[in-house]
Amino acid sequence: MSQPSFYRAWPSKEAAYSSIIDSTNALWQAAADTSLKLSTDLPLVTALERGVGHLFDVLTTDMDLTRLVLRHNSQTDQHSLYVPIYTQRFRELQASRVIGLHHAPELLAQVYTALTERFLYARLLTGDATSQQAAHELMSVLLPLLLAEDGLS
């Protein structure tokens with residue numbers, strides 16, 4: 001892109017950077033929102049794995065961009081934007097009796113946010129797993145918590 005074209009699109013380098021970060025975060029938030037909108041014609045585990053797998057695919061489409069945005073987000077606490085999205089989705093899943101009622105939706109959202117972030121860093125950004133493998137591993141950890149009804153299940 002030529003310099004005149006660049007400055008017609010953005011007033012400064014900082015504005016271009018901000019635009020890239022904002023549009024990537026918006027894309028990630030949309031993927032996060034749909035990751036827990038489950039298809040009712042699939043078994044729970046399959047639906048969850050597909051949703052998380054899609055989220056991981058979106059997060060890792062461009063690894064350089066992912067690292068840039070993650071670095072920016074870690075400095076500005078942007079990951080907390082996902083908790084309200086997940087809280088709403090878990091509330092809906094509990095209301096429709098798809099998942100257990102033992103844990104508050106806010107707690108499930110915090111755990112889900114922490115685990116998806118951890119698996120992103122530990123399994124995907126290192127190249128140790130594909131999106132689908134990481135989604136399967138994440139579900140093996142998360143599913144008992146989602147299905148718990150009472151006690152310490």
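Asn73 is buried, at a relative accessible area of 6%. This residue belongs to helix α4. The structure is a predicted model. Its protein chain holds seven helices and zero strands.

**The chain as a whole**

- The elements run α-α-α-α-α-α-α from the N terminus on.
- The protein chain has 153 residues, and 39% of them count as buried.
- Take the contacts between residues at least 6 apart in sequence: 69% of them join residues at least 24 apart.

**Where α2 meets α4**

- Helix α2 spans residues 13-35, and helix α4 spans residues 63-76.
- Their axes come within 10 Å and cross at roughly 95 degrees. Angles of 65 to 115 degrees count as roughly perpendicular, so α2 is roughly perpendicular to α4.
- From α2, the contact is made by Tyr17, Ile20, Ile21, Thr24, Asn25 and Trp28.
- From α4, the residues are Leu65, Thr66, Leu68, Val69, Leu70, His72 and Asn73.
- By class, this contact has eight nonpolar residues, five polar ones and no charged ones.

- Asn73 takes part in the contact with α2. Its side chain makes a polar contact of 2.8 Å with the side chain of Asn25.
- Asn25 is one of the α2 residues in that helix contact.
- Asn73 has a relative accessible area of 6%. Buried means under 20%, so Asn73 counts as buried.
- Ser74 also lies in helix α4. Ser74 is exposed, with a relative accessible area of 54%.
- The side chain of Ser74 reaches back to the chain itself: the backbone oxygen of Arg71 is 2.9 Å away.

- Asp33 is placed in helix α2. Arg89 sits in helix α5, which covers residues 82-95.
- The side chains of Arg89 and Asp33 are joined by a polar contact of 2.7 Å.
- The side chain of Asp33 also makes a polar contact with the side chain of Lys37, at 3.4 Å.
- Leaving out residues up to four places away in sequence, Asp33 touches Ile85 and Arg89.
- Arg89, with neighbours within four places likewise left aside, is in contact with Asp33, Leu36 and Lys37.
- Arg89 has a relative accessibility of 10%. The limit for buried is under 20%, so Arg89 counts as buried.
- Asp33 and Tyr86 are 53 residues apart in sequence. In space, their C-alpha atoms are 7.0 Å apart.

**Arg97, in a loop**

- Arg97 is found in the loop between α5 and α6, and α6 covers residues 105-124.
- Arg97 is not a glycine, yet its phi is positive, at about 60 degrees.
- The relative accessibility of Arg97 is 59%. Exposed means over 50%, so Arg97 counts as exposed.

Methods:
Residues numbered from 1 in each chain as written. Predicted model: local features only at pLDDT ≥ 70, side-chain atom pairs only at ≥ 80, totals over all residues. Heavy atoms only, no water. Axes fitted to C-alpha atoms, helices over the stretch in contact; angles between N-to-C directions. Helix = DSSP H or I, 4+ residues; strand = E, 2+ residues; numbered from the N terminus. Parallel < 35°, antiparallel > 145°, perpendicular 65-115°, else oblique. Contact = heavy atoms within 4.5 Å. Nonpolar A, V, L, I, M, F, W, Y, C, P; charged D, E, K, R; others polar. Buried < 20%, exposed > 50% of the residue type's maximum accessible area, 1.4 Å probe, protein only. Polar contact = N/O pair within 3.5 Å; in protein donor to acceptor, adjacent residues only side chain to side chain.
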